[in-house]
Every structure is written in C-alpha cells, then in structure tokens.
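User: I'd like to learn how to read a structure like this one, feature by feature. Can you take me through it?

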Amino acid sequence: MARIVARSGQRVEPLAGWSWLATAADAAATPADLPEGGDWREAAVPGTVAGTLRALGRLDDASADAINRQDHWYRTQVIEPLNGRLRFEGLATVTEIWVGGVKQADSASMFAPVELAVDCPAGTEIALCFRALAPKLAAAPRRSRWRPAMIQPNGLRWFRTSALGSMPGWCPPGLPTGPYRPVLRIESEAGAARIEAADLRTSYDGQTGTVALSLSLAANALLPDRGIMHCAGGETALHADGEGKLAGTLSLRNVTPWFPHTHGEPALHDLTVTLDGETIGLGRIGFRSLEVDRGEDGEGFGLIVNGVPVFCRGACWSNADVTTLAGGRAAYEPWLRLAREAGMNMIRLPGVMTYEDEAFFALCDELGIMVWQEMMLANFDYPQGDAGFRAAIAAEAEALLSRAQGSPSLAVLCGGSEVFQQSAMLGAPPEAWSGPVFDEVLPEAVAAYRPDIAYVPNSPSGGALPFVADKGVTHYYGVGAYMRGLDDARRANVRFAAEGLAFANVPEEVSLRPGKPPAITHHPDWKRAVPRDAGASWDFEDVRDHYLERLYGLEPARLRREDPERYFALSRAVVAEVMEETFAEWRRPASPTRGALVWLLQDLQPGAGWGVIASDGEPKSAWHGLARAFRPVQLTLTDEGVNGLGLHVLNERPEPLAATVELTCWRAGEVAVVQAKREVALAPHSATTLSAFELIGRFFDIAYAYRFGPPGHDVTSAVLRDAVSGKVLAEAFHFPLGRGHERHHCGLAAKLEREGDDWSLVLSTRRFAQSVEIVDHAWRPERSWFHLAPGEPRRVRLHRRVGASGEPSGEVRAVNALDRANYAAGA
C-alpha cells in the first residue's frame, strides 16, 4: 500500500533540537552509559555525521574514514507530550532507537523506514545510536563466488546500505551514517477519519485514463459509508469493500496523457477524495501507457510511451549532496532543471547510490523526465540464498514502488548495477549471474505494485555475455574508457546504453576560480578528484587526453606543460565534441540504438569528475554538448565515407515540422565553395535521412573520401531552419580533414542586448569559429562550446548566477581563434 506521509486528520511535524556525539565503538551500551558532559554538538536532522563535521569545519579524509569505526549518538527531547507515533524515514545504517532510556527498536537497513507507537510526556528523551559498521563488516562471512574490486570491503554485501563512501578512485570516503531522512512526530486529530495508506493504479489505453483507488483508514477510525474520488474533471464514488477499505475506479475519456517533455506535454492531474465532507489531496498523477520494444530480433530494448517510440537520453544521477544525502524539492530541483534544460528525458538512479524521496519523483513527473530506478544492489555476490536477505529486498521494493505508485515518470525498475557483469567478467558461469532476487522477488514486486513499468533484471544484461553492446542493455565504453575510434559507436551496434561516455570532464573557469582544486593538472589535489578504476594503471583524464590527441593532433602532455590554458580549452572542447558526435550516430533513423545515458549527471566532489555538471551546480562543456545532441527537433551529420554525408532530420515533437535544410562547405573557414538547400516536411514523431550528394546535385567530395586531389574545403555546416519564421532549429558540422589545431584571426564579435531584466549576447564571426566559449563569472550562458559559421549570428541568453551581482561582463573565445571578443554592459 502506498503510504501517505502527510496523512489526513494528523499533525505531522519534524522532531527538532538534535545534538550529536561520537564515541568509541561499544563504549556506551545505553544512553545512561554516555559520559557526563561530553562533546555534544548541534546536528542537522535530516542529515549525516559527515554533514555535521562539515558544518563544524572538521570534515577531511581522516575524519570521514573514522566515522565508520565509531558509534554515533543523536538525542533530543520531546518538548510537548506526544501520544501518537514517531516515524524515522531513513536511518543509516545499524541503528538502535531509544525512547525514555528504553530501547524500542533496532534497524539494520538505511532503506527501510521505522515507525513506533509512543506515549511520551514532555521532556522525554529520544536517542539514536548508529553503531560502528567497520567491525561488523570485518566479521561478516567472507566466502563468496567473486569479489569486486570497485566496492570495498566484501562484507558490505550483507548490509543494506549504500556503496557511497566505499568506492575508492571516484567517491569521497566515509560510509553514510546518521538520520539522513526526516524524523517525524505524528499525532491524530480528534474525530478525524485518518487515511493510513492508499493503493492506486493508473492506466491509459490511448483514449481513456483509468485510476483505481483503495483507501485504508486507521484501525480506530470510523469507516464512512462512502467517499468520492475526483480527478481531471471527473468523479466517482468510493464504497466500503468489506475489508475495512474504501475503493473505486474512475475512467476519464479523452484525458490528456503524460509524455516525456521531448515528445509531448507531461500532463498531471490533481487527485482528491472527499470523506465526511472533507476534501483530501492525494497529490498529482499522470496517465500513460508503456511498452518495451525488443526489436525485430527480440533482443533489443527500447520504450514506447503512449504508442510513440522514445529515444531515451540523459544521465546517471549521483547525489544532490553526497555529504548530507540531502533530499526534498529544494535539493533536487536545481539539478533536475538543468537536466531538462539540456534536453534529457531520462535519469537513471544507479545501484551504487541511494534511493531518493517522493519529491524526486514529483519533480520528474512535473518536468517530463522518465526515471530508470535501480535497486541498491551492485557488483557483489549477494547472499540470495538467505531468506532474511530476500525478505529485506522484497520489503525495500514494496516501499519504493508503493510510494511512487501514482508517478508516471517511473518507467523502469532494474534489479541493480553490474552484478551480472561482475560475475561474468570474473569467470562465473551463466547460471551464477542471476538468482532468486532478480528472477523472482523483484519481478513479483513489479507485478504487484507497478505492473505499468518495465523490469530489467540487471544493468547490463542480455546477450551471450551480459555486457555485450548488441543485445539487451549495455554499459558502453567503446568510445570512452576503451579508447576506441568514434566509429565504434556505430560498429558496436548498441541497443540501449544504461551508462557510458565517461570522461574526466574539466569544470568551467568559473568553477575553478576559487582554486579548490587548483587548476594544475599534475597537482595531487587535482588528481584526487579525477576518477579511476581501482587497480588500473590509467585514469579518465588519460582517456580524455587520448581523444584530445586523436581529434586535434596535439601531444597532451606537452600542451599541458607549455600552454595549460589551451590544454584546458581543448580538454573542455573535446568531450563536448565526442559526446555530440556519438549521439549523432545513435539517433540517426537507421541506428538500432533506442537510448543512452551518460555517466554521470553531477560530480560528487570539486574537480574534473565524471559529472557533466560540476559539484557547485555549474554546467560543464559536456553538458553544453549534450544539450545540442539531445534536441527533440534535430539535424545531425554523419560521415558515410564514399557515400558522402548523411543529413538526419528528426522531429520528436507532437506537431508536424516544415523546415529548410541548408548545407554549406567552407574553404579556409570563410569562403563558401558549395551551397545547397532543401525543404523538408516531417510528420509528428518521425525522422528522415537525406544524402548530401542528392542535395548538391553533382559530385563534390564532401567527406573527402575519394581524394582525387587536394581537399576543396575544411568544414561543412548544415542548418535546419523553420520554414515560416526562419528561426534556426538546429545546426550540425563536419570536419573532413579533422578538427586540427591551427589558429587564425576569426573576427569574433559580441554584442550585449537587454530586454527588461534579461540579457542576451549576440555573437558573430568573419571566419568559422570552432568550440566558442563564453566566459562570464557572474552570468551563465544558456549555451556555450558551440561552433559558429560566418553569416549566421547566434543569440545566447545569459542567466545571473545565484549570489552574483552586477551586469554582464566577459569574454568570448574559440579554440581556433587568436582573437577574442570582450563585452560589458554600457561599453
């Protein structure tokens, strides 16, 4: 049953006034054994021990490592009498709950809420003891069929806690510890019909949306004879079902369905019930259908929403704040809004992180972002034969799916991350890859609580080996960690990449300005934030450098030593280029790929991490590249060798598209040697591929594949322009000779324009400008790291950064330009 947190007829308030004390492991068996006085400190709840240490200015690697070896006590007092319940939404991890000096409960999972009935006079002490986990990990059974190198120690597989803090090489140290989700005091109002829980199911058949609702009232509440359910202008009666519940089904013909924002409107509808004259809100729900497209061979994976195939693109979520594990709308919203702004329509919550709360799903519902939710199971040989372990996972899945029952954004439940892959890579036979948790427990939970979503047993899975790219779901690093050519994106025949394209993405200049970490790539503080695989002789900065040399023909080590500013500029440019070109391959109409998610959305700490958004919330160059690659109305170019260039026009919107495709080949970046134009008309949710040869109407070695003589051009630009307004909808570029590293006077120009409180920057260039960067420490450009062709001015909106003051003032650069353009308000 889906729990209603803010229940009708109840007073629900957070329990405040907490303080924290660390002791040696098992130094105090009860609150009475705690030392008199002691170094008690004020603590934020919800929060973690690490969060308290950070607030005190005492968080470093040593103190983070020590958390796991200590007991941590939290205590507060009930100011007013409480005759009701205490609810602990999340306790990490092995926890004792003490009320008035008496232990009332134990909790062994950070993912399972605990609720207690209490009758406390004013002044009653509530105490929580988070026992040291390190000794318990050391004492856990050690025998297993395989041991992953990525997560340490192996004993962690026995405990229901996050892998955060246990992944050396890319995650800050320190296991999550403390009451990281709210502690609530709940009191019933006299005479109120208290809703204890609600079970709701939605469905959509293309015309009619249906919601089936069952309400459970508190045991001591008087069950009304009937109630009324209201949604989207319709209503129906709720009747007693003989089991102490009120139930009913409402069908809504021609209701507006929910779509991911790239393909339609993420429509939501208020759901309310009326009981005994009181109207109670149950939140907003959406109606959508979802099918899994396995492809013609039955071995692929893709999603069809409301009958429309959806190319899923986005990134893998890490955490809003890895130190505090913050939840709630305020913590999630900045990250998710940036995800939507970049055109992402799916976020994956990987099995190495934590579950997020209801506000996460509510925001994704609102923003039109689908959620790929994994169980917090990753890499280990879990004790699936243990009945207690299976029961814990079943309860976890029930709680997760129940609280998101009305959420249309939840699209996939996945059994976990790289369990099958780890097993297979370490030599285990196929029969050892899965197990009853993935084959029975989780599919049964999906069938019981969310039959409208897809189930994937593990990420990756499918094929002769679980990680092959051309079957099922993969983690794709052909382009990336394995340092293969960009053509591998097509060669690998990727069906669905639940993660991939990981690079050590250099933050923007504004993020590096405070000097933490220092912008010196050989500095130890810089390198500690560069992700690496445990035991590998390389890191992901080496991966980025490989593609820098491949695309620009420069030796990264020498460039880094002799011209660090240019090294950073090209390091930022290359990841945007690689990501955009890879997604151009995957999104072309003939591609078998039905989705791909980048690893990761946000960094866990300052520095050149995997995140496409820095830990301070500033988008990196990779984010800007993805924002172009993810446009729902899109034009891309792909090199088809002797077949020339393919121009791929995509219209994922629900409206028809009438546009013009314009193609120009430039010599020396400023002389147009070939120009062609074609009108295109696309139906909603459709795509087409055009041949550059067909557009030009004669032979021109546009891809420089025939090489009968010297090249006639060095860059090709293509523009998709709205047929009515003339607005540029998308642009694409091709470099037949490679991107190169020569620099020229490009004639960059920048002009500020103001409309009320809004500012825009209008950019132009005399000669083709490559990877144009806008640097403004107070105002964030809506777009950056794009190419700019002559005669095609680009208008870029500027957004004031949080806490910044003053008017726009900055500089425009390009990686192939010797000149720069300065701008300032009033200049």
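User: Let's begin with E36. Where is E36 found?

Analyst: This is a predicted model, so keep that in mind throughout. E36 is in the loop between β3 (19-24) and β4 (41-42).

User: And is E36 buried or exposed?

Analyst: You read that from the relative accessible area, where exposed means over 50% and buried means under 20%. E36 comes out at 76%, so it is exposed. For a sense of distance, take A576, which is 540 residues away from E36 along the chain: their C-alpha atoms are 58 Å apart.

User: What about T208: which strand is it in, and is it buried or exposed?

Analyst: T208 lies in strand β13, residues 208-217. Its relative accessibility is 16%, so it counts as buried. Once you set aside neighbours within four places in sequence, T208 is in contact with S203, S251, L252 and R253.

User: Now the aromatic rings. How many aromatic pairs are there?

Analyst: A pair of aromatic rings is described by two things, the distance of the centres and the angle of the planes. The structure holds 30 such pairs. Take F301 and F496: the ring centres are 5.3 Å apart and the planes sit at 90°, so this pair is edge-to-face.

User: Which parts does that F301 and F496 pair tie together?

Analyst: F301 is in the loop between β19 (290-292) and β20 (303-305), while F496 is in the loop between α9 (488-491) and β28 (497-500), so the pair ties together parts 195 residues apart in sequence. F301 is buried at 3% relative accessible area, and F496 is buried too, at 0%.

User: What kind of pair do F693 and F699 make?

Analyst: Their centres are 6.4 Å apart and their planes are at 45°, so they count as tilted. F693 is partly exposed at 22%, and F699 is partly exposed at 48%. There's also a cluster to look for: ring pairs link W170, W538, F540, W599 and W610.

User: On to the backbone. Which peptide bonds are cis?

Analyst: Most residues other than glycine have a negative phi, and most peptide bonds are trans. Among the cis cases here is the bond from A92 to T93, with omega near 0°. T93 is in the loop between β6 (82-88) and β7 (95-99). Another cis bond joins K516 and P517, where omega is about -5°. P517 lies in the loop between α10 (509-512) and α11 (524-527).

User: And what is the phi of N306 and of N493?

Analyst: N306 has a positive phi of about 55°, although it isn't a glycine. You'll find N306 in the loop between β20 and β21 (308-310), buried at 16%. N493 also has a positive phi of about 55°. N493 is in the loop between α9 and β28, and at 33% it counts as partly exposed.

User: Zooming out, what is the radius of gyration of the protein?

Analyst: The idea is to set the value beside what a compact globule would have. With 827 residues that would be near 28 Å, and the protein has 28 Å, which agrees. The protein has 16 helices and 44 strands, and buried residues make up 60% of the 827. Of the contacts between residues at least 6 apart in sequence, 68% join residues at least 24 apart.

Terms used:
Residues numbered from 1 in each chain as written. Predicted model: local features only at pLDDT ≥ 70, side-chain atom pairs only at ≥ 80, totals over all residues. Heavy atoms only, no water. Helix = DSSP H or I, 4+ residues; strand = E, 2+ residues; numbered from the N terminus. Buried < 20%, exposed > 50% of the residue type's maximum accessible area, 1.4 Å probe, protein only. Contact = heavy atoms within 4.5 Å. Rg over C-alpha atoms; globule rule 2.2 N^0.38 Å. Phe/Tyr/Trp six-rings, centres within 6.5 Å; stacked < 30°, edge-to-face > 60°.
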